[in-house]
Amino acid sequence: MALSLTVPKEYGYVVLAAASTSVLNLWLGSYVGSYRKAARVPYPNAYATATEAAASKEKYLFNCAQRSHAQFLEQLPPFLVTLLVSGLKYPVLSAGMGAFWVVCRVFYAIGYTRPQMEGGKGRYWGAGYYIPTFALLVMSGMTGWSMVSS
């Protein structure tokens, strides 16, 4: 049995939410770059060593900024898959969850690099990104189920 797929007009919001992650990635790269410059960590080193980070607040904060960007890149593929799939059935809600996820990722990066927040605990500022992550996961599952059960 064939399945005909019609993309709702509101799916454009989903596309915009997905595209905003590219802007966020560019910003995060620049954000990390400013910390790299301040810490004087040369390329191609991805991180300052643990010894260097323990001895220098700038190097420690660079590692935090770099880790926040890396964690974003780790989370991006499953986020985009669930966003694009769930948006087929729930375009407005999915786009809203996508926008919320992007905003939380900004707070995550900024919080992670707060010098007064030891151990990177400032990243919890953006921990709300788990809400749209799980919501999109559920909605994409529901979308898939509706496709196979119709």
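**Close-up 1. P115, a partly exposed proline in the loop between helix 4 and helix 5.** In this predicted model, P115 has a relative accessibility of 36%, so it counts as partly exposed. The loop that holds P115 runs between helix 4 and helix 5. Leaving aside residues up to four places away in sequence, P115 touches K57 and L61. Y60 is another residue to look for here: its C-alpha sits 9.0 Å from that of P115, though the two are 55 residues apart in sequence.

**Close-up 2. L61, a buried leucine in helix 3.** L61 lies in helix 3, and at 10% relative accessibility it counts as buried. What does L61 touch, once residues up to four places away in sequence are set aside? The list is Y35, T113, R114 and P115. One of these, Y35, is itself among the buried residues of helix 1, while P115 belongs to the loop between helix 4 and helix 5.

**Close-up 3. The salt bridge between K57 and E118.** The side chains of K57 and E118 meet here, with an N to O distance of 3.0 Å. Which parts of the chain does this pair link? K57 is in helix 3 (residues 57-86) and E118 is in the loop between helix 4 (91-112) and helix 5 (130-149), so to speak two distant parts of the chain, 61 residues apart. K57 is partly exposed, with a relative accessible area of 35%. E118 is partly exposed too, at 48%. K57 also turned up in the view of P115, as one of the residues that P115 touches.

**Close-up 4. The salt bridge between E74 and R67.** How many salt bridges does a search of the whole structure find? It finds two, and one of them pairs E74 with R67. Their closest N and O atoms are 3.0 Å apart. Both partners count as partly exposed: E74 has a relative accessibility of 44%, and R67 has 29%.

**Close-up 5. Helix 1 and its buried residues.** Helix 1 has 29 residues and reaches 43 Å from its first C-alpha to its last, close to the 42 Å expected at 1.5 Å a residue. Its buried residues are Y11, V14, A17, A18, T21, L24, L28, Y31, V32, Y35, R36 and A39. Note that an arginine, R36, is in that list. What covers these buried residues includes helix 3 and helix 4.

**Close-up 6. A nonpolar patch on the surface, made of Y13, L16 and V92.** Together, Y13, L16 and V92 have about 340 Å² of accessible area. L16 comes from helix 1 (residues 11-39). Is L16 buried or exposed? With a relative accessible area of 57%, L16 is exposed.

Close-up 7. Most residues other than glycine have a negative phi, and most peptide bonds are trans. R40 lies in the loop between helix 1 and helix 2 and is exposed, with a relative accessible area of 71%. The loop also holds P44, which is joined to Y43 by a cis peptide bond with omega of about 10 degrees.

**Close-up 8. Helix 5 and its two sides.** Helix 5 has 20 residues and spans 28 Å from first C-alpha to last, close to the 28 Å expected at 1.5 Å a residue. Which residues of helix 5 are buried? They are P132, L136, M139, S140 and T143. Seen down the helix axis, these buried residues fall within an arc of 105 degrees, so they line one face of helix 5. That set packs against helix 3 and helix 4. On the other side of helix 5, the exposed residues are I131, F134, V138, W145 and V148.

Terms used:
Residues numbered from 1 in each chain as written. Predicted model: local features only at pLDDT ≥ 70, side-chain atom pairs only at ≥ 80, totals over all residues. Heavy atoms only, no water. Patch = residues over 30% accessible without salt bridge, like charges linked within 9 Å, V, L, I, M, F, W, Y side chains within 5 Å. Areas by Shrake-Rupley, 256 points an atom, 1.4 Å probe, with all protein chains shown as cover. Salt bridge = Lys/Arg side-chain N within 4 Å of Asp/Glu carboxyl O. Helix = DSSP H or I, 4+ residues; strand = E, 2+ residues; numbered from the N terminus. Buried < 20%, exposed > 50% of the residue type's maximum accessible area, 1.4 Å probe, protein only. Expected span 1.5 Å × (residues − 1). Arc of directions from axis to C-beta. Contact = heavy atoms within 4.5 Å.
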